[in-house]
Amino acid sequence: MRTCLACDGMIVGRIDKKFCDHNCRNAYHNDRNRSSRNYVQKVNRNLARNYRILEDLTENEVAEVTLPVLKAMGFDPQYFTSYARDEDEGPIYFVYDLSYQQNANNLVIRIKELETYRNSA
């Protein structure tokens, strides 16, 4: 007798069938992929939060803000989508199309949109 991989119920039908119905098949694969999906969702949530914070500051035309203030707003500097090297001022971090850069004493973040950066580079 063949049993379902998800619920251990009896399988009726084709000989190569592994699940008793679509619900069991979906539940099995959801459980199997849960850990990798949770990690991706966590990263996406943090990127989205960082983006919203930078976007709000950009819309309010805030050019500089201290790193502790950004962190107090919920910004996590570990999450960014890419970075570029500026030999004069250090790395520029991007969260999608918005960027920030720490100054020499690591206290101030400069925020500008990607198009502004491309036009000035």
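Okay, a definition to start: a surface patch here is made of residues with over 30% relative accessible area and no salt bridge, where like charges are joined within 9 Å and nonpolar side chains (Val, Leu, Ile, Met, Phe, Trp, Tyr) within 5 Å. For charge, Lys and Arg count as positive and Asp and Glu as negative, while His and the chain ends are not counted. The place of a charge is taken as NZ of Lys, CZ of Arg, CG of Asp or CD of Glu.

Before we look, this is a predicted model, where local features need pLDDT of at least 70, side-chain atom pairs count only at pLDDT 80 or more, and totals for chains, interfaces and linings use all residues. Residues are numbered from 1 along each chain as its sequence is written, and side-chain values use heavy atoms, with hydrogens and water left out.

So, the patches. Lys42, Arg45, Arg49 and Arg52 gather into a positively charged one on the surface. Arginine 45 sits in helix α1; helices are DSSP runs (H or I, at least four residues), numbered from the N terminus.

There's a nonpolar patch too, made by Met1, Met10 and Val12, with about 400 Å² of accessible area together. Those areas come from the Shrake-Rupley method with a 1.4 Å probe, and for residues only the protein chains shown count as cover. Methionine 10 is in the segment before α1 (22-59), and it's exposed at 53% relative accessible area. Our cut-offs are under 20% for buried, over 50% for exposed, and partly exposed in between (1.4 Å probe, protein chains only).

Now, salt bridges, meaning a side-chain nitrogen of Lys or Arg within 4 Å of a carboxyl oxygen of Asp or Glu. How many are in the whole structure? Two. Arginine 14 pairs with aspartate 16, closest N and O atoms 2.9 Å apart, and both residues are exposed. Arginine 34 pairs with aspartate 31, at 2.4 Å between the closest N and O atoms. Those two are three residues apart in helix α1, so about one helical turn separates them. Arginine 34 is partly exposed at 39%, and aspartate 31 is partly exposed at 49%.
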